[in-house]
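Please look through the sequence and the model below before reading on.

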Amino acid sequence: MLPYLALTLAMFLWSSAFIVLKYVFQFYHPLAVLFARMLIASLCLLPLAMSGRIRWRYRRGDWRWLLAMGLAEPCLYFLFEANALTYTSASQAGVITATLPMLMAVGASLFLGERQPRQVWLGIALSFAGVIWLSMDSRAGPGAPDPLLGNALEFCAMVCACGYVLIAKRLSTRYSPLAITGIQALAGSAWFGLAMLTPWGQWPQRLLLAPSLWVLYLGAVITLGAYGLYTWAVSRIPVARAGAFNNLIPVFTVLLAWWLLGERFEAWQGLAGVLVFAGVWLSQRKQA
């Protein structure tokens, strides 16, 4: 039961990240938040690295996979997601994450040689139809000035997340979950640190207590905790089964957005979400 409990907790933590990012982006530039988030996670892992508790067995050529994993997530993933949340609502972004299990099924078929039954592909089609409906009919508002663009960017983030999961599964036999999480944190610190030196980076003029504490939460709890839990669980159960737990993210996100941000889903948005979940359910249902 431990891997499933770890996955459930990781999904809840990731769902809360949508809410927290939506809040802190009102005070700090997205690049500054992402750099601080990665740096905090790296500093939290430093004592464990110095004590020798982070284990790995490097094999010749692994640098290519490690580089690709770090580029997919956190680098490109967080860039897409951070910009997505400036254009769409937290709840809609959470619903887009329901496409990740289907993307993982496609990736497993193409790159891991796993053959998927016909119902999986039908589920993929249904889920994408729901996502397209959700995006095309989205209305702009104070918290979602361009939901179509924001949802598209969030979907690009899901493609990057799929790449990360497939590579992490490949490396999990030689690298501990803490090692994989640490590599991600270091890659993100370097990537976003360099980005902060460009004209696009904006250092905070002053630090505010509440937003700064939430940035600390993003780095120490979300980046370190959620990714550590997820990577550990994926190393112990099949990728497709772990991917099904990502369907909890939209549920948690919608509830948290309603509770903390006052966001509301209209009837048509609920129907689009039902279509997404119907596709997810069909793709995961066991054949008789």
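## A report on the predicted model

On the surface, L39, L43, L46 and M50 form a nonpolar patch that has about 410 Å² of accessible area together. A patch here is made of residues with over 30% relative accessible area and no salt bridge, where like charges are joined within 9 Å and nonpolar side chains (Val, Leu, Ile, Met, Phe, Trp, Tyr) within 5 Å; a salt bridge is a side-chain nitrogen of Lys or Arg within 4 Å of a carboxyl oxygen of Asp or Glu. Accessible areas come from the Shrake-Rupley method with a 1.4 Å probe, and for residues only the protein chains shown count as cover.

This is a predicted model, in which local features need pLDDT of at least 70 and side-chain atom pairs count only at pLDDT 80 or more, while totals for chains, interfaces and linings use all residues. Residues are numbered from 1 along each chain as its sequence is written, and side-chain values use heavy atoms, with hydrogens and water left out.

L43, a member of the patch, lies in helix α2 (residues 30–50). Helices (H or I, at least four residues) and strands (E, at least two) are DSSP runs, numbered from the N terminus. The table compares residues by relative accessible area, where buried means under 20%, exposed over 50% and partly exposed in between (1.4 Å probe, protein chains only).

| Residue | Relative accessible area | Class |
|---|---|---|
| L43 | 52% | exposed |
| C44 | 33% | partly exposed |
| C160 | 10% | buried |
| I249 | 5% | buried |

The structure holds zero disulfides, a disulfide being a pair of cysteine sulfur atoms within 2.5 Å. C44 is in no disulfide, and the nearest cysteine sulfur, that of C75, is 18 Å away. For C160, the closest cysteine sulfur belongs to C156 at 7.2 Å, which is too far for a bond.

The protein contains 12 helices and zero strands. Its C-alpha atoms fill a box of roughly 50 × 45 × 35 Å along the principal axes, and 51% of the 288 residues count as buried.

I249 is found in helix α11 (residues 248–261). Apart from residues up to four places away in sequence, I249 touches M11, W14, S15, F18, G94 and T97, where contact means heavy atoms within 4.5 Å. Although I249 and W14 are 235 residues apart along the chain, their C-alpha atoms are separated by 7.1 Å.
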